[in-house]
Amino acid sequence: THGGISKKNAHPHRVGNVVLAHNGIVENYDELKHSVGNTHEFSSDTDSEVIAVLLHKAYTKTKSPDQAIRDVAKQITGRFAIVVMFDGIPGFFAARRGSPIIIGKAKEATYVASDIPAFLEYTQTVNYIDDNEMVYVTPSNTRVTNLITGRKVQKRDITVSWEPEEIEKGSWPHFMIKEIFDQKETILEAIHHNNKTIQSFVKKLETAKGIYLIACGTAHKVAMVAEYLFADIAHIKINVVPAAEMPSFEKFVHKNTALLAISQSGETADVLEILERGKKRGARILSITNVPSSSIARLSDAHFPINAGAEKAVASTKAATSQMALLLVCAYTASKKHTSIKTLTDIGRGVIWNTTSAINDMLNPRYAKHIEKIAKKISRHQNLFIIGRGTLYPIALEAAIKIQEVSYIHAQGFAAGELKHGPIALIEKGTPCVVLGDDPETIANAIELQSRGGFIIGIAPTQARVVDLWIRVPDCNSAQAIATVIPIQLLSYYLARARKLDPDMPRNLAKSVTVK
Ligand code: F6R
């Protein structure tokens, strides 16, 4: 968050007798730096170094690592997860407030990480460290205390269900492509909840005084798809707000307002903060994440795991389709069209079963090869536009995110009907335009694009005459967004490959965005 990517800004930071690594953000960094005065010459541009300076001072004074960490934690405003070593003290200390810390316990070693996949190769036994807790770790012992009171905290050993193989690429060249193909199985896993659980979750939404879906990035586009699904299927209006924009609407969050967070990692700081504040206002906190032990899941009154298995690639793929599948079943469950709720949940399940089977037919090496060829053809372009309507409008926005983040092509998504209100001015001869869907209005928009010189790539169940290149997707009715996003993911992946980029390592991005 502070300073460029350079050796001097890389963690850990050593100051005197203290070595520190920090994840998070010190919001009162300037103030703290000022309080240190000229007693220390800062050698990095990071906010983290000031924590090391304060710890060094406190430890020199108190000679107690525990006391030093507690004293310094009191002074920090903002989110932090820190790991600290003190000269002459064996092992290391870690503490958290707002950012994740997880302990992995193996026979001959103990691990501290911010995410389970970091040590899954060595152990599946974990202790979750909660906010305002500190842990002292030696190879043979783990001692957890409360960061404020200093009191001992008892932790339960938990065995996580993720298998080490899940975080291996196996024979795949990248995690991104592996995870795209994982969707043959993961979509069904998402709805692996019994009807009662789904119905009670939906009831908490339906009976709320206002429903807000809160998410960021790809998960926010999933939430937008859900907005359409709930409107179309259940005739319920939900509000979808990107977490960072929610402060403007928090005045509408009261007792019994439902805040439903959608998040793969369950650790996204912007989302977490809105939920924490919502909880204080008496809102019902619901969540759908891929990590049942995450901060968001544990803060929630009701939580749905999507069971997609570890998602390692920075670009989210399988989590998004799983989230959409679960939300679709929730929308059917909330539908008022029939009297028997049980039947409705099962109708939703039926849609997902059919969609999964159609995706299984679609997603094969020949299909991927076809998309790879298209990617190679358009990979030299600097601009690319995507249009869609209804649930495919958020998918057009998602397509833009996916293409931008892994291929660095300037991609933009639009609601198809908005084109004529401005964006169409961007189209030049040969500009690649991806058209999602084959309904008559969207095809009319594709013709407008083509007549301005646009090169039309159609992603739809049928091949319209206007289309220069066609990527077929099955007709999946209300689950069309789920089927359509998959070729988009493949196109993004192959665009990155064609441009000689590593799709698993997009610049400037992190998998879990645990800072604001
Ligand atoms: C894009 C992507 C990000 C995440 C966003 C939210 O491919 O992965 O836009 O969707 O950072 O992350 P989660 O879902 O973990 O809250």
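Q: What is the handedness of the crossing of H1 and H2?
A: H1 and H2 cross in a left-handed sense; a crossing is left-handed if the near helix is turned anticlockwise from the far one by less than a right angle, and right-handed if clockwise. Helices (H or I, at least four residues) and strands (E, at least two) are DSSP runs, numbered from the N terminus.

Q: Before going on, what kind of model is this, and how are things counted?
A: It is a predicted model: local features need pLDDT of at least 70, side-chain atom pairs count only at pLDDT 80 or more, and totals for chains, interfaces and linings use all residues. Residues are numbered from 1 along each chain as its sequence is written, and side-chain values use heavy atoms, with hydrogens and water left out.

Q: OK, back to the pair. At what angle do the axes of H1 and H2 cross?
A: The axes of H1 (residues 29-36) and H2 (residues 48-62) cross at roughly 40 degrees and come within 10 Å. That makes H1 oblique to H2. Axes are lines fitted to C-alpha atoms, for helices over the stretch in contact, and angles run from 0 to 180 degrees between N-to-C directions. Angles under 35 degrees count as roughly parallel, over 145 as roughly antiparallel, 65 to 115 as roughly perpendicular and the rest as oblique.

Q: Which residues meet there?
A: From H1, Tyr29, Leu32, Lys33 and Val36 meet Val50, Val53, Leu54 and Lys57 of H2 (contact means heavy atoms within 4.5 Å). By class, this contact of H1 with H2 has six nonpolar, no polar and two charged residues. Here Ala, Val, Leu, Ile, Met, Phe, Trp, Tyr, Cys and Pro count as nonpolar, Asp, Glu, Lys and Arg as charged, and the others, Gly among them, as polar.

Q: How far apart are the axes of H4 and H9?
A: The axes of H4 (residues 175-190) and H9 (residues 318-334) are 8 Å apart, at an angle of about 25 degrees. H4 and H9 are therefore roughly parallel to each other, and their crossing is right-handed. The contact of H4 with H9 has four nonpolar, four polar and three charged residues.

Q: And what about H12 and H14, at what angle do they pack?
A: H12 (residues 392-407) packs on H14 (residues 480-498) at about 20 degrees, with the axes 9 Å apart. That makes H12 roughly parallel to H14. The residues of the contact of H12 with H14 divide into 11 nonpolar, five polar and two charged.

Q: Switching to the ligand: how many residues surround it?
A: 15 residues surround the ligand, and the closest are Ser263, Gln264, Ser265, Thr268 and Glu405 (near means one heavy atom of the residue lies within 4 Å).

Q: How far is the polar side-chain atom of Glu405 from the ligand oxygen?
A: The distance is 2.4 Å for Glu405. Polar backbone atoms also come up: that of Thr218 is 3.1 Å from a ligand oxygen, and that of Val314 is 3.2 Å from one.

Q: Last topic, the backbone. Where is the cis peptide bond?
A: It joins His11 and Pro12, with omega about 0 degrees. Pro12 sits in the segment before strand S1 (13-15).

Methods. Polar contact = N/O pair within 3.5 Å; in protein donor to acceptor, adjacent residues only side chain to side chain.
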